[in-house]
Amino acid sequence: MSLSSRRRSLTSPWLALPVLGAGVALGLWLVPAVPQASTRLLAALPQALKSPAAPESDQIDYPSWQLASADAASLPMPAEVSAAATPAPQRLPPAQSSRLPDAVQSAFTQAGIVPGAVSVVVQAAGDAAAAPLLAVAPDTPRNPASATKLFTTFAALDTLGPAWRWQTPVWLQGRVQGDTFKGDLVVQGQGDPQLVVERLWLALWPLWQQGVRRIEGDIVLDNQAFRLPQTDPAAFDGEGDRSYNVQPDALLLNYKAVTLAFTPRPLEGVAQVEALPPLAGLAVPPTVPLADGPCGDWQSRVGRQLTASGVAFSGRYPAACGVRQWSLALDPAHFNARALQGLWTAMGGTLTGQVRSGAAPLAPPTWSLDSPPLAEVVRNVNKYSNNVMAQQIFLTMALQQRRAPAPAEPASDPEEAASAASAAALPPALSPLPSVTLDDARASLSGWMQDRLGLAPGSFVIDSGSGLSRHTQLSAVQFTRLLQTAWGSAVMPEFVSSLPLVGVDGTLRKSHATPGSGHLKTGTLRDVKAVAGYVRGRNGRMYTLVALVNGAGAEKAARAFDVLIDWVATQN
């Protein structure tokens, strides 16, 4: 069954909700109607949106994704899992060279990386039949870390389309009397990766716009579309409160991360601390003492300590840091409930009931909130290597495939045929939303890779849509096949522009290769380093470049990658 690219239109009977990309515009729209405290909250939105919206996985994973020795025993290293994928050549033409250029080899040697740990393929983009300029161990399966996101995001653009949007429907089950809504407000998650704080506000705005300030009932949250096991967020690297370790959720509110904003007040000798979004019941100290000296590793100097009621600080904040933000995943298991209740309270509303889990009704929603278009979401995923957003897309493709109607078998009985026709005509809003698992997502993406890219079954392993896994196995040839297919597709502009620009932005902004020479996705884990994408040659011709390194010290390959990118950029 093919993934459906059709989009259900769920709109409010009285309001078409705009999707605003900037907190400033939202603030200007809402300020006249909200209390002063809420106005201050809105003023902080533009800064807060930068941090939780794009945790830069490939930047922070150098120290933070290092596995402790205990974790390394439970998570197989690349050499141990390579047998899971059987090398299968993908008919790559004979290469002009199978040896790394001297300057590139020298850079790898200086980094202490042995030749057998490296796979590289360079080929002219748009000409899969051309002899590659370079092909080193092209068929060897390796762990690509976050470069896996290339498969996830291109598959989504290819099957759903760049203009596709998620919807988050809302139901009012009750009636409005004056400034009081008597009943339950139900919110159903369908996988939106960017349901951030200002869009949460939009989800509640229609009720506020009707003059409602009091909810006599419950706020019901339905996240059953993703059927996922309970996992320990600290299992991968022991850093359970880091935002890059947040697990996917059909109703992912603000990435389940709270942003702590530190603003120095030198005359008072303290830094003011504010939390966004406001979480009900979360205790955060209003200030932390200031310290002298350079900014440096300011987070360690602040010394966060998680408590039963929230977070505390044991250190001081360097005044030299100026205004900074710190995104933390505090109490992810109860984040949604705390965020919805905290936001409604910040707007000046009251809730007499509770925020609880439940099922959405089989009825048309009262209104629905659209996400930004998929192309915009994909850009945020690839530029900043956002893990949880990639997992949301990974699961969403399986969900949309499950929602697509299966071809009907001809019915021999006229009554059965009439019943089937009646069921097929049922409005989507009156049909139960299916639920999917990570295994469903793996099967969906793997099937697309076989059908669209022609990859042989068993020649690769897809374990995660984000690349935060020790089990994913892909070869440089398979990456090249993806890049060539994407280059010839209708969504090529959206896909290529979503990748970090060398030396300019995203996870490649600190690259020392020639600035602007290419668009490439990076990947980093302990003993894993990868880069894949497109580089412009000297004559203006584009080349696909894939480099995968697995083995001890692979993280030190960044300089060698820069040299390799510059070598490709000199080709005619």
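**Note on the predicted model: cavity, disulfide and backbone details**

1. The largest cavity is lined by Val-187, Leu-195, Leu-200, Ala-203, Leu-251, Leu-253 and Leu-340. By class, this lining splits into seven nonpolar residues, no polar ones and no charged ones. The volume of the largest cavity is about 40 Å³, and the structure holds one cavity of 30 Å³ or more. The model is predicted, and what follows should be read with that in mind.

2. How many disulfides does the model contain? The count comes to one disulfide. Cys-295 and Cys-321 are the partners, with an S to S distance of 2.0 Å. The link of Cys-295 and Cys-321 is right-handed, at 105° about the S-S bond. Cys-295 sits in the loop between β9 (287–291) and α10 (298–302), and Cys-321 in the loop between β12 (317–318) and β13 (324–328), so the bond ties together parts that lie 26 residues apart in sequence. As a reminder, a disulfide is a covalent bond between the sulfur atoms of two cysteines.

3. Helix α18 covers residues 558–569, twelve residues in all. From its first C-alpha to its last, α18 reaches 17 Å, close to the 16 Å expected at 1.5 Å a residue. Its buried residues are Ala-560, Phe-561, Asp-562, Val-563, Leu-564, Ile-565, Val-568 and Ala-569. Asp-562 may be worth a look when checking this list, as one of the buried residues of α18.

4. What covers the buried residues of α18? The cover includes the helix α7 (102–110) and the strands β1 (118–124), β2 (134–136), β17 (518–525), β18 (528–536) and β19 (542–550).

5. Most residues other than glycine have a negative phi, and most peptide bonds are trans. The peptide bond between Leu-276 and Pro-277 is cis, with omega about 0°. Pro-277 is placed in the loop between β8 (270–276) and β9.

6. Ala-145 is not a glycine, yet has a positive phi of about 55°. Where does Ala-145 lie? Ala-145 is in the loop between β2 and α8 (149–160). With a relative accessible area of 0%, Ala-145 is buried.

7. Lys-256 also has a positive phi, near 55°, and is a residue other than glycine. The loop between β6 (219–222) and β7 (258–265) holds Lys-256. The relative accessible area of Lys-256 is 10%, and this residue is therefore counted as buried, the cut-off being under 20%.

8. Val-496 belongs to helix α17 (residues 492–497). Val-496 is buried, its relative accessible area being 10%. Which residues does Val-496 contact, leaving aside its neighbours within four places in sequence? The contacts of Val-496 are with Trp-487, His-519 and Tyr-534. Between Val-496 and Arg-379 there are 117 residues of sequence separation, and their C-alpha atoms are 9.2 Å apart in space.

Notes. Residues numbered from 1 in each chain as written. Predicted model: local features only at pLDDT ≥ 70, side-chain atom pairs only at ≥ 80, totals over all residues. Heavy atoms only, no water. 1 Å grid on protein atoms, 1.4 Å probe; cavity = no way out; pocket = protein on both sides within 12 Å on 5 of 7 lines; lining within 4 Å. Points joined across faces, edges and corners; volume = space filled by probe spheres on them. Nonpolar A, V, L, I, M, F, W, Y, C, P; charged D, E, K, R; others polar. Disulfide = S-S within 2.5 Å. Helix = DSSP H or I, 4+ residues; strand = E, 2+ residues; numbered from the N terminus. Expected span 1.5 Å × (residues − 1). Buried < 20%, exposed > 50% of the residue type's maximum accessible area, 1.4 Å probe, protein only. Contact = heavy atoms within 4.5 Å.
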